[in-house]
Amino acid sequence: MTSRSGPTGPRRRLNRVSALTPPDTTRSRIRRTGRAFFGWGGWAKLASMVTTVAALAALWFTNESLRATNDQFGLTRQTTITERFAKAVEQLGNSTSLDVQLGGIYLLERLAADSPTDRSSIFEVLGAYVRTHAPDGADCGSPAQMVFPVHIQAALTVIGRRSVGGPERIDLSRTCLANANLKDANLRDVDLNRANLSSADLSSARLIGANLERADLARARLKKTDLTDAVLDSAVLSDSLLNGSNLTGANLTSANLRGAFLEDATLDNADFTLADLRGSVFELPKGAQSYGPDQSIERPDGPDRGTTQPAVPATGPSMATGIRLRGANLTGALYDARTEWPAGFVPTAGGPEAAAGVLDPAGPVTQPPR
């Protein structure tokens, strides 16, 4: 095969492969690299991963921002509560204005609802307020002539309105609370040791586990009151109304229940050791009229129960088994002919456990020192 000649000489034979392959220039290499880079099939997965990481980072930053906001809110809230608490205590200490003191009392009640962690401190302050502003229990004077102070009643009302089962323990010991209105109050586990509650209204109150040792509850209204496991050792309950009350497991050792009304009361496992039950009414006598404001009843067969009648000392009724007195301990209890026991229950005489008291028909019961 002959080659063609040009004007200047023979032409060079062309290589067809060389003619079809572009020259390997820098531009061609960049072009090939770009096609390979942008044509990579993993770009979709990479984009998804980047989106996920960005979302997680956004969530983290949002969470940190919310946490910082909540911390700031909590700090502000606690500061506000502290300021309100200080203001309420300051108002309680205002001796010149009753209205200011009442405002402090109700502000503390609101704080107890707003800040459960401060409940114990708040009710401790209210208890201290009652103890320091109410007269001493031994200096009550005549309850019949006493007008109960408004500010003390307000503090007691707030204490009595606290939620049932609160962990706080309130000290109201040795205070004069005669004629106080504590109806429906929550006084669970409250310390009322040696407090004077004579003529007070405690109807339907909750006094479960309360300490009422040596408390004066003469003429108090305790109808349907829950006194389960309450300590009433040496308490005065003379002429009190305990109708329908719950005294299950209550300690009434040496308590004075002379003339008390206990109809329909639950007395299972109550301890009446050495208690004075003369004239107590566990059940109204057949045909008797219901009690009146003076807490007296009229017998169909005799004079008013307040009349002195021959007394019969208890000489050994240790464990009662009658209606409403199941398991009650009556060891050494004193009773007389005016004591109205539940139907079917007759206290037994004799036995090794003689009465510790000596009953003098002409005078009061005298008991030997313990």
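The structure holds one disulfide, a term used here for a pair of cysteine sulfur atoms within 2.5 Å. The model is a predicted one, in which local features need pLDDT of at least 70 and side-chain atom pairs count only at pLDDT 80 or more, while totals for chains, interfaces and linings use all residues. Residues are numbered from 1 along each chain as its sequence is written, and side-chain values use heavy atoms, with hydrogens and water left out.

**Stop 1: the disulfide**

Select C140 and C176. Their sulfur atoms are 1.7 Å apart and form the disulfide. This pair links distant parts of the chain, 36 residues apart: C140 sits in the loop between helix 5 and helix 6, and C176 in the segment after helix 6. Helices are DSSP runs of H or I with at least four residues, strands are runs of E with at least two, and both are numbered from the N terminus. The torsion about the S-S bond of C140 and C176 is about 125°, so the disulfide is right-handed.

Are these cysteines buried or exposed? C140 is buried at 12% relative accessible area, and C176 is buried at 1%. Buried means under 20% relative accessible area, exposed means over 50%, and partly exposed lies in between (1.4 Å probe, protein chains only).

**Stop 2**

V147 counts as exposed, with 73% relative accessibility.

**Stop 3: helix 4**

Select residues 98–114, which make up helix 4. For its 17 residues at 1.5 Å a residue, the helix should span 24 Å, and its end C-alpha atoms are 25 Å apart, which agrees. The expected span is 1.5 Å times one less than the number of residues. Colour the buried residues of helix 4: Q101, L102, G104, I105, L107, L108, L111 and A112.

**Stop 4: the largest nonpolar core**

The largest nonpolar core has 70 residues, and L252, F272 and L277 have the most contacts inside it. Helix 3 (43–92), helix 4 (98–114), helix 5 (119–133) and helix 6 (150–160) are the elements that give two or more residues to this core. A nonpolar core is a set of buried Ala, Val, Leu, Ile, Met, Phe, Trp, Tyr and Cys residues joined through side-chain atoms within 4.5 Å. In soluble globular proteins, nonpolar side chains tend to be buried together.

Centre the view on F272. Which residues is F272 in contact with, leaving aside its neighbours within four places in sequence? They are L252, L257, L267, L277, L325, A328, N329, L330, T331 and A333. Contact means heavy atoms within 4.5 Å.

**Stop 5: the aromatic rings**

There are three aromatic pairs in the structure. One of them is F272 with F282, an edge-to-face pair at 6.4 Å centre to centre and 75° between the planes. Both F272 and F282 lie in the segment after helix 6, so the pair ties together parts that are 10 residues apart in sequence. Next, show Y335 and W341, which form an edge-to-face pair at 5.4 Å centre to centre with 75° between the planes.

Rings of Phe, Tyr and Trp (its six-membered ring) pair if their centres lie within 6.5 Å; planes under 30 degrees apart count as stacked, over 60 as edge-to-face and the rest as tilted. F272 counts as buried at 0% relative accessibility, and F282 counts as buried at 1%. Y335 and W341 are buried too. With all four shown, ring pairs link F272, F282, Y335 and W341 into a cluster.

**Stop 6**

Select S238, in the segment after helix 6. S238 is buried, at 15% relative accessible area. Apart from neighbours within four places in sequence, S238 is in contact with A218, R219, N256, L257 and R258.

Move to D191, also found in the segment after helix 6. D191 is partly exposed, with a relative accessible area of 25%. Residues up to four places away in sequence aside, D191 touches I170, D171, L172, S173 and N211. The C-alpha atoms of D191 and R169 are separated by 7.6 Å, the two residues being 22 apart along the chain.

**Last stop: confidence**

Colour by pLDDT, the predictor's confidence in each residue, from 0 to 100. The protein averages 76, and 65% of the residues score at least 70. Confidence is lowest in strand 1 (residues 5–6), at a mean of 54, and highest in helix 6, at 93. Over residues 292–318 pLDDT stays under 50, and the model has 71 contacts beyond four places in sequence for them. Residues 349–370 are also below 50, and this stretch has 42 contacts in the model beyond near neighbours in sequence. Where pLDDT is low, the predicted coordinates should not be read in detail.
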